[in-house]
Amino acid sequence: MHHLSLYFHFVKLRIRSQMEYRLSFVFDLFSQASVSVIDFFMIALLFDRFKELAGWSLWEVGFLYGMIGICFAVAEMMGRGFDVFQRNVVRGDFDTMLVRPLGTFYQVFSNEFLLRRVGRIAQALVVFLVANSQLTITWSFAKVGYLLISLVSGTCFFIGLFVIGATSCFWTVQSIEIINIFTNGGVFMGSYPFGIYRWWFRHFFTFIVDPENKFTFFEIYVSLYDYDLFNRFAQMRA
Amino acid sequence: MKSLFLTFHVYLAFARKSFQRRMQYRVANLAGLTTNFFFLLVHIFVYTAFYAARTDPQPLNLNEIITYFVLCQVFFMLMPFWGARSEVTSAIKDGSVSLQLTKPVDFHAYWLADECGRACYYLLMRGLPTFLISILFFEVAMPRQPTALMAFIVSMTLAALMSAAITITIFSSAFWTLDTTGISGLSYSIITLFSGMLVPIALWPEWLAHTAEWLPFAGLIDVPFSIYLSKITGAAVWIAIGKQMVWTLFFMGLGRVLLSRGFSRLVIQGG
């Protein structure tokens, strides 16, 4: 409990320090949102020409895109400490954490909080909400609960990837860029229905990287559950 | 004449140093190659799925699309997406740029030489392997005529030069903002959109493609690749290359003006 209140205290400090550079903050907020707006705009352009993707409409894809976008942006906002961890190790700042009477994982986690990712979260949320209004989904208690669980587990999954990327720098000093394939690449890949990928590509991501199917597949399961895409899914696998 | 040769020699040395500096990071380059291929694969899967549903002819067939995205990954590191690269902006932030200024060289040309060395490195160590491996695994179309290949080389060189000029322009904004994350993020989204990096401009609806024609950024990716694929032929090639030249000169000029303005500010700040 003490840790939790301390965490919120840290977050408040981070936000206050970022607010010191207000102009830069606002600029960042918009530039971040603009990157993701253009991302989705391009998907919309493709659907404008091709109408469908393996039987999926624009807003069905938008549903996926919104979900994975929210998870990733929240993970980036909260897990920023692990993202910049290599800088701490290179500079020797990590040593100061080792002498403090708190767990190092906890300290790294609470070390940063990137408020400007709110721009990205808002964009993904808008896409998700519009997609919901365009699709006829009958929401129930169980479905909303399942949705929340998926969002939380998706976020945790990405934070976990950041942690893996961060720890690698104990060996390589510079954190390995290759983790980008799973983070940024995962978002890019997860924005499209999984069935369009070749089996070996799909299986690499579902069984080797993520045996519990939390990644990329998790939102498909949600869509299946929420939106009754069973038939379509069966066709895709065939 | 001799002094001109000497000047050229100095900048060539800068470019070579920039190249050698990057040679140190072999593992990082290997990781970058893997990343290139990952994104290439996802693009190819997505477009294959889109094309599977359509039987009517499209402005680019699937084979041309695949070639387009292979080229995208080959030249990706030459594009001006790296405006937030910290070593340069932090030089402005912490003032060590003043040390670089004491060198008796034209600063804009110095940065340009540095960028050129960087471009050569990525072309050789990243672009070439990407291209060779892609030929093995995908059906990559080759230029139809030797003239198309020649025009492509000219056009791509201009694209790389313009990219370097844009990068320097973005850097120089750090004299005012001290932090280029915001501006490079904004320029990143504009450039990815209008260069045709995510979706080839030929597939865009007409109104948007028309807008892109009036902007410089198509000259980075879409124009050279269209020349490669023989989608731009004949006199249109000359017009396209002419446009690229004009825009390259524009960004070179803009970068020079911003830099000299920035330096005068720097002097004032330094007292």
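At roughly what angle do the axes of helix H2 and helix H6 of chain B cross? Keep in mind as you look that this is a predicted model. In chain B, helix H2 covers residues 26–52 and helix H6 covers residues 107–137. Their axes come within 10 Å and cross at roughly 40 degrees. Because angles under 35 degrees count as roughly parallel and 65 to 115 as roughly perpendicular, H2(B) is oblique to H6(B). The crossing is right-handed.

Now let's see which residues meet there. H2(B) brings B:Asn29, B:Gly32, B:Leu33 and B:Asn36, while H6(B) brings B:Met125, B:Arg126, B:Pro129 and B:Thr130. Sorted by class, this contact has three nonpolar, four polar and one charged residues.

Next, turn to chain A and find helix H3 (residues 58–78) and helix H9 (residues 141–167). Here the axes come within 8 Å and cross at roughly 50 degrees, which makes H3(A) oblique to H9(A). This crossing is right-handed too. Among the residues in the contact are A:Met67, A:Ile68 and A:Phe72 of H3(A), together with A:Leu151, A:Gly154 and A:Phe158 of H9(A). The contact counts twelve nonpolar, two polar and no charged residues.

Finally, look at where the chains touch. On chain A, 30 residues are in contact with 29 residues of chain B. Helices H2 (22–50), H11 (179–182) and H12 (184–190) of chain A each supply at least two residues of that side. H2(A) gives the largest share, 14 residues. By class, the side of chain A that touches chain B has 18 nonpolar, six polar and six charged residues.

How values were computed: Residues numbered from 1 in each chain as written. Chains lettered and ligands numbered in written order. Predicted model: local features only at pLDDT ≥ 70, side-chain atom pairs only at ≥ 80, totals over all residues. Contact = placed C-beta atoms within 7 Å. Helix = DSSP H or I, 4+ residues; strand = E, 2+ residues; numbered from the N terminus. Nonpolar A, V, L, I, M, F, W, Y, C, P; charged D, E, K, R; others polar. Axes fitted to C-alpha atoms, helices over the stretch in contact; angles between N-to-C directions. Parallel < 35°, antiparallel > 145°, perpendicular 65-115°, else oblique. Left-handed = near helix turned anticlockwise from the far one by under 90°.
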